[in-house]
Amino acid sequence: MRLPICISIIAFSFVYTVDFIWAAEDLNNSANSTKPASSVVPEVTSMLTLSQAREYMLSLINRERAEANCQPVQLDDLACNAGQLHSDAMADVHFNSHWHPDGKKPPQRYSDLGGFDYVMENSHGTGESPPFVITIPEKQLFNKREIEQEENCYFDEKPPNDGHRKNILDPQHTHVGLGLTLIELKIKSELDGQADTYRHLVSSQEFINKRASKFTQSDSSLHKGKTYFLSGELDANAVFYDFQLAREDAPQAIPLDILKDRAQPLYHGGYDLPAEEVLAAFPPPYRSTEHGKVTLDGKKFVCEITPANNWRPGLYYITVWAQIDGAQQPVPISLHTILLE
């Protein structure tokens with residue numbers, strides 16, 4: 001059974017949804033079942049490399065976006081690296097969550113790889129599935145039918161549990177990173193004693209809002225009393241609106257038995273951004289503080305953050321907002337995480 005779960009996240013006045021789905025047909029589907037219902041190897045005449053499989057899934061995403069009158073998204077190499085990191089990890093240790101065993105969520109994983117754009121993740125993992133034995137084939141080759149089935153798992157959701165679909169059709173997304181990992185499930189047949197093999201995809205889709213470029217930062221972490229600078233250059237159709245800083249506790253390693261336990265709601269639903277707002281800074285003539293301000297020079301912006309002595313250690317989220325194509329409603333264009341120790 002596929003169990004879609006979603007959670008709404010509210011940041012400033014813009015509402016968006018981030019979520020993930022359980023492995024298709026739930027690999028633990030029935031104690032009496034001997035094979036996953038949808039995992040039989042399809043008949044195919046050709047196989048796709050990882051690069052080709054990503055391009056094919058991209059074409060499916062853009063077909064769905066075109067039907068909804070949304071602009072197409074493009075593949076982004078860095079976002080693909082983030083997505084592949086996540087799908088490989090889920091396949092390797094058999095879990096299904098936005099969290100990694102090290103406790104990191106999608107924004108921090110993307111930031112750790114050098115990403116500054118705003119990111120929203122769809123993911124589809126797996127789980128322990130006795131009596132099946134899960135292996136990851138050394139040669140990762142895919143076919144179009146299973147790519148289509150994987151995309152349908154995301155896109156065929158029905159309201160109100162349709163967070164993946166909404167993420168795919170978000171008009172603010174400009175790029176996407178795709179992680180795809182093939183796993184095989186093997187079980188000895190009761191009829192002939194031979195090992196039957198079934199295929200299953202694990203995937204991640206990292207949608208990003210790429211509305212600025214030339215990001216630089218002055219340091220890799222925050223330090224009390226020392227000013228940190230985050231700068232970038234907006235696209236021609238973007239106007240800087242503000243930046244916000246929020247905090248949560250630094251990630252801690254999650255024991256695998258907890259990460260895999262679907263009775264643990266914290267790690268088996270949508271993820272959210274921290275509710276603890278530290279500051280918000282606007283360009284002149286709006287407000288700024290001694291701990292956060294903005295400098296604008298044409299399309300270039302510099303966000304300054306000077307942590308106060310009473311700021312608590314943890315993971316800080318820097319979110320930059322901009323107005324696109326003259327719209328009054330701002331949208332998030334950058335989300336970067338950084339530690340204060």
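Q: Is K214 buried or exposed?
A: The relative accessible area of K214 is 62%. Buried means under 20% relative accessible area, exposed over 50%, and partly exposed in between, with a 1.4 Å probe and protein chains only. By that scale, K214 is therefore exposed.

Q: What kind of model is this?
A: Residues are numbered from 1 along each chain as its sequence is written, and side-chain values use heavy atoms, leaving out hydrogens and water. Local features need pLDDT of at least 70, side-chain atom pairs count only at pLDDT 80 or more, and totals for chains, interfaces and linings use all residues, since this is a predicted model.

Q: In which strand does K214 lie?
A: Helices (H or I, at least four residues) and strands (E, at least two) are DSSP runs, numbered from the N terminus. K214 has a phi near 55 degrees, a positive value in a residue other than glycine. The strand that holds K214 covers residues 212–217 and is β8.

Q: What is the relative accessible area of N69?
A: N69 lies in the loop between α1 (50–67) and β3 (74–75). Phi of N69 is positive, near 60 degrees, in a residue other than glycine. N69 is exposed, because its relative accessible area is 74%.

Q: Which residue has a side chain that makes a polar contact of 2.6 Å with the side chain of R109?
A: R109 is placed in helix α3 (residues 106–112) and is buried, with a relative accessible area of 4%. A polar contact is a pair of N or O atoms within 3.5 Å; within protein, one must be able to donate a hydrogen and the other to accept it, and residues adjacent in sequence count only if both atoms are side-chain atoms. The side chain of R109 has such a contact with that of H100 at 3.4 Å. The polar contact of 2.6 Å joins the side chain of R109 to that of E121.

Q: With which side chain does the side chain of S87 make a polar contact?
A: S87 lies in helix α2 (residues 77–93) and is buried, at a relative accessible area of 0%. Leaving aside residues up to four places away in sequence, S87 touches G179, L180, T181, V202, S203 and S204, where contact means heavy atoms within 4.5 Å. The polar contact, at 2.9 Å, is with the side chain of T181.

Q: Is the peptide bond from P159 to P160 cis or trans?
A: P160 is found in the loop between α4 (144–155) and α5 (163–168). The peptide bond from P159 to P160 has omega near 5 degrees and is cis.

Q: Which residue in β13 is the bridge partner of V294?
A: Two strands pair if DSSP finds at least two bridges between them. Strand β13 (residues 300–305) pairs antiparallel with β9 (residues 228–234) over six bridges, where F229 has E304 as its bridge partner. Six bridges also join β13 to strand β12 (residues 292–297), again antiparallel, and β12 and β13 form a hairpin with two residues between them. The partner of V294 in β13 is C303.

Q: How many disulfides are counted?
A: A disulfide is a pair of cysteine sulfur atoms within 2.5 Å. Two of the cysteines are buried: C80 has a relative accessible area of 4%, and C303 has 0% relative accessibility. By this rule, the number of disulfides is zero.
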